[in-house]
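Student: Hi! Could you walk me through this structure while I have it open?
Tutor: Happy to, let's look at it together.

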Amino acid sequence: MEEIVMQYKGRVNGAYLDNLTGLYNNGIFQLLMQWELSRAQRTGAGFVLAFVDIDAFDLFNQRHGTIEGDLMLKTTADIIRNNIRNTDRAARYSGDRFAVMLVQAEPDGAGVVAERIRSAVACISGHPLTVSIGLYHVAGFKIRQVGDVCNAAAAALSQAKLNGRNRVAWFEKTPERTPAVEGRILVVDDEPLNLKLMTAVLAPLGYTVITADSGQAALSLLAGEEIDLVMLDVMMPGMDGFEVCRHIKRQETLRMIPVVLVTALEDVAHRIKGIEAGADDFLTKPPNRMELIARTRSLLNVRRLNRNMTSIENVLFSLAGVVEAKDRYTRGHVRRVSELAISVGRRMQLPETDIEALRIGGALHDIGKIGVPKAVLNKPGALNDVEWNAIRKHPEDGYNICLPLKQNLRQALDVVRHHHEKLDGSGYPDGLKGDAISLLARIMAVVDIYDALTTDRAYRKAMPREKALGILWQEVDHGKLDKAVVACLTELVAPVRDAPCQDVTALA
């Protein structure tokens, strides 16, 4: 390791650099951080890890294009490079996130550097870009893993985002609850000896270990028990581990539980099969004790984060329900739109990640109307300019409400913001055109209009299905809606049109 670092310090090899920014790439940065952690363990000399993330960079790319986005990545990289010492290390960690290792830095000095970087980015002429920065101080002789340090910096970064973005936040360790409360682990294996071995390792740590000797028994336990982690043997008679994992990940109430596949099969094909089944991690049989403990702790942390995210999602869904309660004409609209969007997505054979985004995006697409007065939502006549502007703001307001969950909502966030965009650029709030509008947003636009046309509203009665479809096809002819999506919807609700839905990929 030291030879690699010394060679790297002496002369920079192009293979170690990110092509776009000229900063270190993630691979060599991980090696350098491992070396610094080893030095901290030997000498007590610490460092500060900073994660620097450009705020709302996906939206910036959509509005200005990827060429301008790449330019801003380079500019941000230059600002970071110009504000750190020669002894410090900076890398493009991933996408629009940078990692900076401030070697032998104290918290006060590192905080000054971070604020300098943040201020410099905010002052870039011509673009209202900002960065959020998360900091973690590694000090003393305590043994740490690279992943733990990165997770701490990432947690601090998330806090900076949640606090409003364009700010610096330090990692603050929350008091640990007793593992017995939060660590309920289901171990599934048809060999009694393996169940005893796993229990012998995990139970003394304070975790509650529950065992099952078959896949079916495991699913029965999951239906009635609160489980935080599943350790699942692959080679079992009857229902094997892959099938059990698929069952878990397909159920809404169970899919966020981390699943570890424990297997003696090390070939790539079986690993790929496990990934396709939705497995979160793998352990080779028999598992190394320290590796088993480390992965258990890591995945239980993931479970805690997932629970927090789920709680916040539920708050958002409740807010969406409040919006429907304000407008007596749109009760059931969110559910219908979400279900119809899912049906269209499945019929177009979209991947499960897209289907999930349609489900969540459909549930949240009108959440921005929380700020629209009830009188406006229920007005029987035409809206005036002020009222219409309030309605037009709801996609952007909804996007801002959901933005703190960007990493969790991902594509669903795009659906919330862009479900009123039109292919010809006449939509809102961003006036996007053509391919700048994602397929998921196009699907939501079509099903949202269809449901609005076929249900009673304050200003008109529901239209017959055929008339509503006719209006959608007129919009296609005018270049406003996606022809493939409208064709697919037509096949779903009235399967009598020229182009069958299975051929939608051939439609322009």
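Student: How do α13 and α20 sit relative to each other?
Tutor: α13 and α20 are oblique to each other, because angles under 35 degrees count as roughly parallel, over 145 as roughly antiparallel, 65 to 115 as roughly perpendicular and the rest as oblique. The axes of α13 (residues 333-347) and α20 (residues 439-453) cross at roughly 135 degrees and come within 9 Å. Axes here are lines fitted to C-alpha atoms, for helices over the stretch in contact, with angles from 0 to 180 degrees between N-to-C directions.

Student: Which residues make that contact?
Tutor: From α13 come H333, R336, V337, L340, A341 and V344, and from α20 come I443, M444, V447, D448, Y450 and D451. Contact means heavy atoms within 4.5 Å. By class, the contact of α13 with α20 has eight nonpolar, one polar and three charged residues. Ala, Val, Leu, Ile, Met, Phe, Trp, Tyr, Cys and Pro count as nonpolar, Asp, Glu, Lys and Arg as charged, and the others, Gly among them, as polar.

Student: Good. Before I go on, what kind of model is this, and how are residues numbered?
Tutor: This is a predicted model, where local features need pLDDT of at least 70 and side-chain atom pairs count only at pLDDT 80 or more, while totals for chains, interfaces and linings use all residues. Residues are numbered from 1 along each chain as its sequence is written, and side-chain values use heavy atoms, with hydrogens and water left out.

Student: How many helices and strands does the protein chain have?
Tutor: There are 22 helices and 10 strands in the protein chain. Both are DSSP runs numbered from the N terminus: helices are H or I with at least four residues, strands are E with at least two.

Student: And how much of the chain is buried?
Tutor: Of the 508 residues of the protein chain, 47% count as buried. Buried means under 20% relative accessible area, exposed over 50%, and partly exposed in between, using a 1.4 Å probe and protein chains only.

Student: Back to helices. At what angle do α3 and α4 pack?
Tutor: α3 (residues 57-64) and α4 (residues 66-82) pack at about 135 degrees, with their axes 7 Å apart. That makes α3 oblique to α4. F57, F60, N61 and H64 in α3 meet T66, E68, G69, M72 and L73 in α4.

Student: Now the loop between α19 and α20: is K422 buried or exposed there?
Tutor: K422, which lies in that loop, is buried, with a relative accessible area of 17%. Leaving out residues up to four places away in sequence, K422 touches G427, L432, K433, I437, I449, E475, K480 and L481.

Student: What about D435, buried or exposed?
Tutor: D435 is exposed, at 75% relative accessible area. D435 also lies in the loop between α19 (411-418) and α20, and its C-alpha is 7.8 Å from that of L423, 12 residues apart in sequence.

Student: Where is the cis peptide bond?
Tutor: A cis peptide bond joins Y428 and P429, with omega about 10 degrees. P429 is in the loop between α19 and α20.

Student: And what is the phi of Q104 and of Q349?
Tutor: Q104 has a positive phi of about 50 degrees although it is not a glycine, and phi of Q349 is near 60 degrees. Most residues other than glycine have a negative phi, and most peptide bonds are trans. Q104 lies in the loop between β3 (97-103) and α5 (107-122) and is partly exposed at 49%. Q349 is in the loop between α13 and α14 (352-364) and is exposed at 70%.
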